[in-house]
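Please read it with the sequence and the coordinates at hand.

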Amino acid sequence: MKPARTALLVMLAFAATTLLAQTDAPSYKGKYERIKVHGKSLEGNLSGDSADRDVSIYLPPGYSKNTKRRYPVVYLLHGFTDSDDRWFGLIKHFVNVPEAADKAFAAGVPEMIIVMPNAYTTFAGSMYSNSVTTGDWEGYISQDLVAYVDSRYRTIPNRNSRGLAGHSMGGYGTVRLSFKSSGVFSSVYAMSPCCMGADISPRPDMGKQIEAIKTLQDVEKANFGVKAMLASAAAWSPNPKNPPFFFDFTVKDGQLQPDVIASWAANAPLAMVHQYIPALKKYKAIAMDAGDKDMGINNTVKALDQILTDYGVPHTSEIYEGDHVNRIAERLVTKVLPFFGANLSFTGKKK
């Protein structure tokens, strides 16, 4: 990253940190909208999830004041079992995007539009992957949603003015989509990305728990770990010939299934990344982070950091003091939005 740009990022982060310490709310606020966006990429998914998805939109304070001004857009992806309405303050949660954005922009971070689709599915999360079972979420984010937002709002419809970020499952989605969508986004920030390592030795006992799931009611009652395995199977080992859920699992009748395990491993970013180095080198900026107490995840962030370093891919990586969720709201203000403020183009041209 160039010295001048680094200095700008530091300045914006300092300003945001100063504001975060204040107790008074910003004197102005952005506008929140929740809309439906149809996804052609999601049509006909075997899970029966609607192709008409809720999408939360944050429009910055200046949007309604200057009707000729256009804005860059950050596409923000939520985590597993989560949803856009939680992140945007309709339900009390560990983060409130409009509040964070108001603080950041009041502190001097350049204003931008923020968009979050609802990726909650039958199995509590899409993994932002491409599957006949859950639908093509890669296409929905990078094609359907981007095209709709550009057609409806005063965006700068240019990759130099589009950013992608996400937390946990959304961090995984950010990394995954960064491999495949370098022509759509120019800057990416993965927060505590899950699921990056390949598990080639799955627990046999998980097979019994999965096989016990027979109905959608069973899915809804399942614990977080079981739901995560169901969602992973639906995303990474779909099988249109295997009703009622249309996927295969890594364990069947107590026996490991090598082909399914290989399919899951092929969707692990630490395994995928080597194929996408040329694409990653096209990005203006890449960042990732994780809390030091977010065990497992911070180790995979360190591993990806080392791989990108070895290949000479410019990026930044941070292991900060915190767990999986306790500092996400703060870091949106002090790290994520300043990162995009420093790296996105506010004119559509390369910085």
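## The largest cavity

Thr174, Val175, Ser178, Phe179, Val188, Ala190, Leu280, Ile286, Ala287, Met288, Leu304 and Leu308 form the lining of the largest cavity, where a cavity is a set of points, on a 1 Å grid over the protein atoms alone, at which a 1.4 Å probe fits but cannot get out, and lining residues have an atom within 4 Å of a point. The model is a predicted one, in which local features need pLDDT of at least 70 and side-chain atom pairs count only at pLDDT 80 or more, while totals for chains, interfaces and linings use all residues. Residues are numbered from 1 along each chain as its sequence is written, and side-chain values use heavy atoms, with hydrogens and water left out.

The volume of the largest cavity is about 100 Å³, a volume being the space filled by probe spheres set on the grid points, which are joined across faces, edges and corners. At least two lining residues come from each of helix 5 (169–180), strand 8 (187–191), strand 11 (285–291) and helix 12, these elements being DSSP runs numbered from the N terminus (helices: H or I, at least four residues; strands: E, at least two). Helix 5 contributes the most, with four residues. By class, the lining comprises 10 nonpolar, two polar and no charged residues; here Ala, Val, Leu, Ile, Met, Phe, Trp, Tyr, Cys and Pro count as nonpolar, Asp, Glu, Lys and Arg as charged, and the others, Gly among them, as polar.

## The second largest cavity

Helix 13 supplies the largest share, three residues, and the lining divides into seven nonpolar, no polar and no charged residues.

A pocket, by contrast with a cavity, is an open set of grid points with protein on both sides within 12 Å along at least five of seven lines. The largest pocket has a volume of about 620 Å³, and of the 26 residues that line it, Cys195, Ala228, Met229, Ser232 and Trp236 are the closest to its centre. Helix 8 (224–236), helix 9 (258–265) and helix 12 (297–311) each give at least two residues to this lining, the largest share being the five residues from helix 8. In terms of class, 18 of the lining residues are nonpolar, six are polar and two are charged.

The second largest pocket holds about 390 Å³ of space and has 17 lining residues, with Ile210, Glu211, Asn242, Phe247 and Phe249 nearest its centre. Helix 6 (204–211) and strand 9 (251–252) each supply at least two residues of that lining, in which 11 residues are nonpolar, two polar and four charged.

## Aromatic pairs and charges over rings

The model has 17 aromatic pairs, meaning rings of Phe, Tyr and Trp (its six-membered ring) whose centres lie within 6.5 Å, with planes under 30 degrees apart counted as stacked, over 60 as edge-to-face and the rest as tilted. The pair of Tyr172 and Trp236 is tilted because its planes stand at 55°, with the ring centres 5.5 Å apart. This pair joins distant parts of the chain, with Tyr172 in helix 5 and Trp236 in helix 8, 64 residues apart.

Tyr172 has a relative accessibility of 0% and counts as buried, as does Trp236 at 8%, where buried means under 20% relative accessible area, exposed over 50% and partly exposed in between (1.4 Å probe, protein chains only). Trp236 also pairs edge-to-face with Trp264, at 5.8 Å centre to centre and 80° between the planes. Trp236 in helix 8 and Trp264 in helix 9 are 28 residues apart. Tyr172, Trp236, Phe249 and Trp264 form one aromatic cluster.

Arg154 lies over the face of Tyr63, at 4.0 Å from the ring centre, and the charged end of Arg331 sits over the ring of Tyr320, 3.8 Å from its centre; the criterion is that NZ of Lys or CZ of Arg is within 6 Å of the ring centre and within 35 degrees of the ring normal.
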